[in-house]
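Got a model open and want to walk through some of its details?

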Amino acid sequence: MKTTINALLIDDTESVISRAKQYFSSHAVINLKETINNGKDGLDYILKHHDEFDIILMDIIMPEVDGISILEEMQKRNIKKNVMILTSYGKDSAMKLVSPYNVDYLMLKPINMQTLEKRIIGIVNNEPEEDIKDNKVEIAISRMLHALGIPSHIRGYQYIRESIYMMYQNPDMIGGITKCIYPEIANRFDTTASRVERAIRHAIEVSWARGDYDVMEELFGNSVDFDRSKPTNSEFIATLADNLRLKNKVVFS
């Protein structure tokens, strides 16, 4: 466990910066090494000093250079750091925006400093609590659906994402998509099980028409014939849930 965690905060919300400075001013472990109130200066600091801190706390929407542009530049330059996104953006929209990048956690504003403290320590020391694991899984699901070409504005996207998460948590549900998953999703979104089924089917059809073939091949392998047929709803959801489970078994063990 690290005895000192150096953190960089990039956020144009003055109240977030002032509260963080006050809260971590004499913290035993977390040292708020630098606070920056715009994306351009934040990016410049990362490029020049990325070896001097352990984690970046960053907003998405900022003046001059936004958080996504910073993540893109870090990816291009192969700068690998723990990253927490702090945002007032809607959760679904934020998940979609950060899904292509190596983000450890997404926290919605207003920020609870005690919770922020716990998440920073857990992430840097690779000792994630359950909600950090859940957050990482949600981001990973969004990343997969994004790569598979499913637009987030269609209903099937939301239904598939919820279904994958449910099956990820409960592998025994693989045989109960009609009796268990569809009715539960319908209840959450105030619709019917048949509409959930049709919306998921439509989303899969969209994916098969516009998704990344290499990603499809990696995820589905020889389980489906790309030229002849699309996977069933159950195959699609179960395959992605199983893929997540296998990858995260190593990460979270």
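Q: Is Tyr-165 buried or exposed?
A: One thing first: this is a predicted model, where local features need pLDDT of at least 70, side-chain atom pairs count only at pLDDT 80 or more, and totals for chains, interfaces and linings use all residues. Residues are numbered from 1 along each chain as its sequence is written, and side-chain values use heavy atoms, with hydrogens and water left out. Buried means under 20% relative accessible area, exposed means over 50%, and partly exposed is in between (1.4 Å probe, protein chains only). Tyr-165 has 16% relative accessibility, so the call is buried.

Q: How many aromatic pairs are there?
A: A pair of aromatic rings is described by the distance of the centres and the angle of the planes. Here, rings of Phe, Tyr and Trp (its six-membered ring) pair if their centres lie within 6.5 Å; planes under 30 degrees apart count as stacked, over 60 as edge-to-face and the rest as tilted. By that rule, the count of aromatic pairs is 4.

Q: What kind of pair do Tyr-45 and Phe-53 make?
A: Their ring centres are 6.2 Å apart. The planes sit at 25°, so this pair is stacked.

Q: Are Tyr-45 and Phe-53 buried or exposed?
A: Tyr-45 comes in at 13% relative accessibility, and Phe-53 at 1%. So Tyr-45 counts as buried, and Phe-53 also counts as buried.

Q: Which residue lies over the face of Phe-53?
A: A charge sits over a ring if NZ of Lys or CZ of Arg is within 6 Å of the ring centre and within 35 degrees of the ring normal. At 5.4 Å from the ring centre of Phe-53, the residue is Lys-81.

Q: At what angle do helix α2 and helix α3 pack?
A: Axes are lines fitted to C-alpha atoms, for helices over the stretch in contact, and angles run from 0 to 180 degrees between N-to-C directions. Helix α2 (residues 39-49) and helix α3 (residues 67-76) have axes 10 Å apart, and they pack at an angle of about 20°.

Q: Why is α2 described as it is relative to α3?
A: Angles under 35 degrees count as roughly parallel, over 145 as roughly antiparallel, 65 to 115 as roughly perpendicular and the rest as oblique. With the packing angle at about 20°, α2 is therefore, relative to α3, roughly parallel.

Q: Which residues in α3 does α2 meet?
A: Contact means heavy atoms within 4.5 Å. From α2, Gly-39, Leu-43, Ile-46 and Leu-47 meet, in α3, Ile-70, Glu-73 and Met-74.

Q: Where is the cis peptide bond?
A: Look in the loop between β5 (105-108) and α5 (113-124), where Pro-110 lies. With omega at about 5°, the cis bond joins Lys-109 and Pro-110.

Q: What is the phi of Asp-190?
A: Asp-190 is in the loop between α8 (177-189) and α9 (193-210), and it's exposed, with a relative accessible area of 72%. Asp-190 isn't a glycine, yet its phi is positive, at about 55°.

Terms used. Helix = DSSP H or I, 4+ residues; strand = E, 2+ residues; numbered from the N terminus.
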